[in-house]
Amino acid sequence: MDAPALSSSQGVSILLRPSPPLTLRRALSPTKPYSRIKTKPFSICASSSSDSGKKPCPRFSFHNRLFLVLVHDSSSCSFLYGGVAAAVVTLLDYGAGNVRSLRNAIRYLGFDIKDVQKPEDILSANRLVFPGVGAFAAAMEVLEQSGMAEALCTYIESDRPFLGICLGLQLLFESSEENGPVKGLGLIPGVVGRFDSSNGLAVPHIGWNAVQIIKDSGILDDIGRHHVYFVHSYRVIPSDANWDWVSSVCNYGDSFISSITRGNVHAVQFHPEKSGDVGLSILRKFLDPSSSSKKLAHGKASQLAKRVIACLDVRANDKGDLVVTKGDQYDVREHSDEHQVRNLGKPVELAGQYYKDGADEISFLNITGFRDFPLGDLPMLQVLRYTSENVFVPLTVGGGIRDFTDENGRYYSSLEVASEYFRSGADKISIGSDAVFAAEEYLKTGVKTGKSSLEQISRVYGNQAVVVSIDPRRVYIRNPNDVKFKSVKVYSPGPSGEEYAWYQCTINGGREGRPIGAYELAKAVEELGAGEILLNCIDCDGQGQGFDIDLIKLISDAVTIPVIASSGAGAVQHFSDVFQKTSASAALAAGIFHRKEVPISLVKEHLLREGIEVRM
Ligand code: 1PR
């Protein structure tokens, strides 16, 4: 808050809302210079007088407190203005990726954000948040060239309040193997290395995992029994040399550092801004250590949880309104005379509801993105913006990510389209049709050109930010040698008793079949840089008869990246079934949630009873 300029005879008094009764301090000596009085929350204020003409007054930060400003002179005192003051937190965003979620979480907690523009802004910060995004080497280059690396070291070495997130933790260490070795800030002993996937461990480590608290950090408190959201391929192993920094560890393949603390300096490998209420409580404790946040319910987290994802297929209906729709084997029109697009609700409202109900992630699929250019489709970007203001779990958005030339001849690269989705609040983007073309080309030539949307986006935003959505259709065959694609012996034979099937990939929302199987596509896109696979099945979509276990087992055994099972959920048993019979990391459903047949909480309670760990 900027206090007003004063004339020579005036003083100003700022009152914070104390416990009643509110009493006006009469200590407005016209001779005293502007003074700030140390206060307890909701008690008293600051007062001043001016004896030097129109001197601007200093800035105050009385976080989230009602304040009144009174201007006075020797004979009178009048009300100038009042409001709720927000504290300011400084954010180091060097522009390498999406930090919108973090900005939203900070604002949601009632704080204003000041962006670092130059190294001095770091040195003058009261409280600094550093959400590292992108690749280690690129981040170090920006920090060093801008002089911010040095300022950061000075700030941290002076034990000023600091919170690093994800790469913001890794950069504090000596070096990283990511495209390296690359030198880090060197404040903590240790090397950032990649998770070892040679034993079949799915990398990136994506999802909700449990942390083990090693020492009191002041901000983690009671999160030891709760899941927090991780998404990364690199991590630091605890050692004797860095152990006195470690405040928590997490297990994924091996034990790695999930947070560090020393004095006022904290950093976390997970994403508090994407970790629901638990994450918001961590952020709140860092931003306002005096805050008394509500105690978290008792948790039982012990390992990586299986995720339950709510999916919203979104498109414009015939009136032009953006609605959540749902297909029946991808046909989203009612079977009535009017043949209208099925309307199951409003995207922002439904996403907010699913967040409250406990969805671990929300996916938006812009299902007509293949024909409508997403950047022309502003409502979809608005949906993301509004949703991300209040939903603090990961958001994925897909549909229409490809190169595009609009009617004015303006060319947009798929990277630009994805960037706009990220800027609008997406944490991951999902590519459908364009990934099929990229995989076909790669399998034909054996050459990674680096030019496909998949390769470009994963290079800039990291593999973990790129999901490939596969839309396969079952094709029954009598003999596995009948086709050149990988087939499986199916659990239920085909209409003419066929015992085998292969899964043909489609594009444009299932409208066109392509000469590539789901197995071949999955392997190819993993090599091209996909971080995750969203595995639909046109035959099962909207049928409520359960997931296609044959398909999901085939793909989740073939790749080392996480697979999201999708299409066909109709009952809670279908979720336990897919997790018990396949290596899927997550299960996605749409229809049963939209039609309110089964709430997310029931799915999770059932999974827990079946001994499958989920985030509660
Ligand atoms: O090809 O990059 O533009 O992406 C288009 C995206 O839109 C793809 O991810 C594709 O899967 C999706 N899509 C296109 N057309 C449809 C359609 O339904 N007509 N939806 C469509 C895909 C499948 C799932 C659905 C699950 C679960 N929908 O998203 O939510 O099957 O449903 P259920 O639980 O009710 O069975 P591009």
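Residues are numbered from 1 along each chain as its sequence is written, and side-chain values rest on heavy atoms, with hydrogens and water left out. Because the model is predicted, local features require pLDDT of at least 70 and side-chain atom pairs count only at pLDDT 80 or more, whereas totals for chains, interfaces and linings use all residues.

The structure holds 27 salt bridges, each defined as a side-chain nitrogen of Lys or Arg within 4 Å of a carboxyl oxygen of Asp or Glu. In one of them, arginine 615 pairs with aspartate 360, the closest N and O atoms being 2.7 Å apart. Helices (H or I, at least four residues) and strands (E, at least two) are DSSP runs, numbered from the N terminus. Arginine 615 is buried at 12% relative accessibility, as is aspartate 360 at 1%; buried denotes under 20% relative accessible area, exposed over 50%, and partly exposed in between (1.4 Å probe, protein chains only).

Arginine 262 forms a salt bridge with aspartate 244 at a closest N and O separation of 2.6 Å. Both residues are partly exposed, arginine 262 at 39% and aspartate 244 at 44%.

Within helix 14 (residues 572-581), aspartate 577 and lysine 581 are four residues apart and therefore separated by about one helical turn. Their side chains meet in a salt bridge (3.1 Å, N to O).
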